[in-house]
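Please walk through this predicted model with me, from overall fold down to individual side chains.

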Amino acid sequence: MKKSKFSPTQIAKILKEFDNGKTAAEISREYSVSTAAFYKWRERYAGMSGKELKRIKELEEENRKLKQMYATLALDHQMAKEIIEKKL
């Protein structure tokens, strides 16, 4: 997964600017971010503070690692099952 060049506090600040009256096009030009990315941030993080946003990012990263661990364990389990079946 590609790492964002913006920190959670910066994203929260950018979304606040939009709430204060700046247009999405102005924000896109100022911060060199696509309007699609901006609207995705807005959909996902609207109304959150910097701390909440940072916590969400940490949880998403932890969730990604756990999913990867599960996939590895499931694959190991499947291989062990196949080995046991061949021996019987």
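Residues are numbered from 1 along each chain as its sequence is written, and side-chain values use heavy atoms, with hydrogens and water left out.

Start with the fold. The protein chain has four helices and zero strands. Helices (H or I, at least four residues) and strands (E, at least two) are DSSP runs, numbered from the N terminus. Read from the N terminus, the order of elements is α-α-α-α.

Now the overall dimensions. The C-alpha trace spans about 70 × 25 × 20 Å along its principal axes. The radius of gyration of the protein chain is 20 Å, whereas a compact globule of 88 residues would have one near 12 Å. That radius is taken over C-alpha atoms, and the globule rule is 2.2 Å times the number of residues to the power 0.38.

Next, the surface. The protein chain exposes about 7300 Å², and carbon and sulfur atoms supply 56% of this area. Accessible areas come from the Shrake-Rupley method with a 1.4 Å probe; for residues, only the protein chains shown count as cover. Of the 88 residues, 19% are buried. Buried means under 20% relative accessible area, exposed means over 50%, and partly exposed lies in between (1.4 Å probe, protein chains only).

Contacts (heavy atoms within 4.5 Å) complete the overview. Among those in the protein chain with a separation of 6 or more, 50% join residues 24 or more positions apart.

Turn to helix α1. It has 12 residues and reaches 17 Å from its first C-alpha to its last, close to the 16 Å expected at 1.5 Å a residue. The expected span is 1.5 Å times one less than the number of residues. Its buried residues are Pro-8, Ile-11, Ala-12, Ile-14, Leu-15 and Glu-17. Their cover includes α2 (24–31), α3 and α4 (50–87). After α1 comes Gly-21, with a positive phi near 120°.

Ser-32 is not a glycine, yet its phi is about 55°. Ser-32 sits in the loop between α2 and α3. Its relative accessibility is 55%, so Ser-32 counts as exposed.

Which aromatic rings pair? The structure holds four aromatic pairs. Rings of Phe, Tyr and Trp (its six-membered ring) pair if their centres lie within 6.5 Å; planes under 30 degrees apart count as stacked, over 60 as edge-to-face and the rest as tilted. Phe-6 belongs to the segment before α1 (8–19) and Trp-41 to helix α3 (residues 35–45), so the pair ties together parts 35 residues apart in sequence. Both Phe-6 and Trp-41 are buried.

Phe-18 and Phe-38 also pair. Their ring centres are 5.1 Å apart and their planes meet at 65°, so this pair is edge-to-face. The pair links distant parts of the chain, with Phe-18 in helix α1 and Phe-38 in helix α3, 20 residues apart. Phe-38 counts as buried because its relative accessibility is 0%. Separately, Phe-6, Tyr-31 and Trp-41 form one aromatic cluster.

Finally, the charges. Side chains of opposite charge can pair when their charged atoms come close. A salt bridge here is a side-chain nitrogen of Lys or Arg within 4 Å of a carboxyl oxygen of Asp or Glu. The count comes to five salt bridges.

Two of them lie along α4. Arg-55 bridges to Glu-58, with the closest N and O atoms 3.7 Å apart. These two are about one helical turn apart, because they are three residues apart in helix α4. Arg-55 is partly exposed at 45% relative accessible area, and Glu-58 is partly exposed at 41%. Arg-64 forms a salt bridge with Glu-61, the closest N and O atoms being 2.6 Å apart. Arg-64 and Glu-61 are also three residues apart in helix α4, so about one helical turn separates them. Arg-64 is partly exposed at 35%, and Glu-61 is partly exposed at 30%.

Salt bridges that share partners join Lys-13, Glu-17, Lys-22 and Glu-30 into one network. Within it, Lys-22 meets Glu-30 at 2.3 Å, N to O.

Key:
This is a predicted model: local features need pLDDT of at least 70, side-chain atom pairs count only at pLDDT 80 or more; totals for chains, interfaces and linings use all residues.
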